[in-house]
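Good morning, and thank you for coming. Please have the sequence and the structure in view.

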Amino acid sequence: MPSVTCGPHLEWDEAKAASNLAQHGLAFVAAVAAFADPGRVILSDIGHSQQEPRWYCLGRVGDAILTVRFTKRGRRVRINGAGYWRKGKQLYEKKNQLP
């Protein structure tokens, strides 16, 4: 698992961010908050890892659990997608032993 810290090393493609906002109603700039959750869960994204390893960050943002798909390139974290997905919420709650 990669180690992920919040900070200036987060990046994304602006066209992909606009597409994500249109499709999921979520801006990547808001998705950054998931990485700051001390209870965040990092999981391998096996289904999208053909060319480079991809990961999921499951983190609490406000009252909801956000799923962020990302890659890690050196010290940079590149966000590829984000949304509020039921499966991510279930995995987060299980890992953090929430009811």
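Predicted model: local features only at pLDDT ≥ 70, side-chain atom pairs only at ≥ 80, totals over all residues.

Which residue takes a positive phi in the hairpin of strand 3 and strand 4? It is G62, with a phi near 65°, in a hairpin that has 2 residues between the strands.

Residues are numbered from 1 along each chain as its sequence is written, and side-chain values use heavy atoms, with hydrogens and water left out.

Let us turn to the pairing. Strands here are DSSP runs of E of at least two residues, numbered from the N terminus, and two strands pair if DSSP finds at least two bridges between them. Strand 3, residues 54–61, pairs with strand 4, residues 64–73, in the antiparallel sense, over 8 bridges. Within that pairing, G59 has L66 as its bridge partner. Strand 3 also pairs with strand 2, residues 41–44, again antiparallel, over 4 bridges. There, L43 is partnered by Y56.

Next, consider D45, which sits in the loop between strand 2 and strand 3. Its relative accessibility is 2%, so D45 counts as buried (under 20% relative accessible area, with exposed over 50% and partly exposed in between, using a 1.4 Å probe and protein chains only). The side chain of D45 makes a polar contact with that of Y56 at 3.2 Å; such a contact is a pair of N or O atoms within 3.5 Å, one able to donate a hydrogen and the other to accept it. D45 also forms a salt bridge with R69, the closest N and O atoms being 3.9 Å apart. This pair links the loop to strand 4, across 24 residues. R69 is buried as well, at 15%.

What is the total number of salt bridges, then, or how many does the structure hold? There are 5, each being a side-chain nitrogen of Lys or Arg within 4 Å of a carboxyl oxygen of Asp or Glu.

Finally, E11, R76 and R78 are linked in a network of salt bridges. R76 meets E11 at 3.0 Å. Because R76 lies in strand 5, residues 76–83, and E11 in strand 1, residues 10–12, the pair ties together parts 65 residues apart in sequence. R76 is partly exposed, at 38%. E11 and R78 meet at 3.3 Å, N to O, and both are buried.
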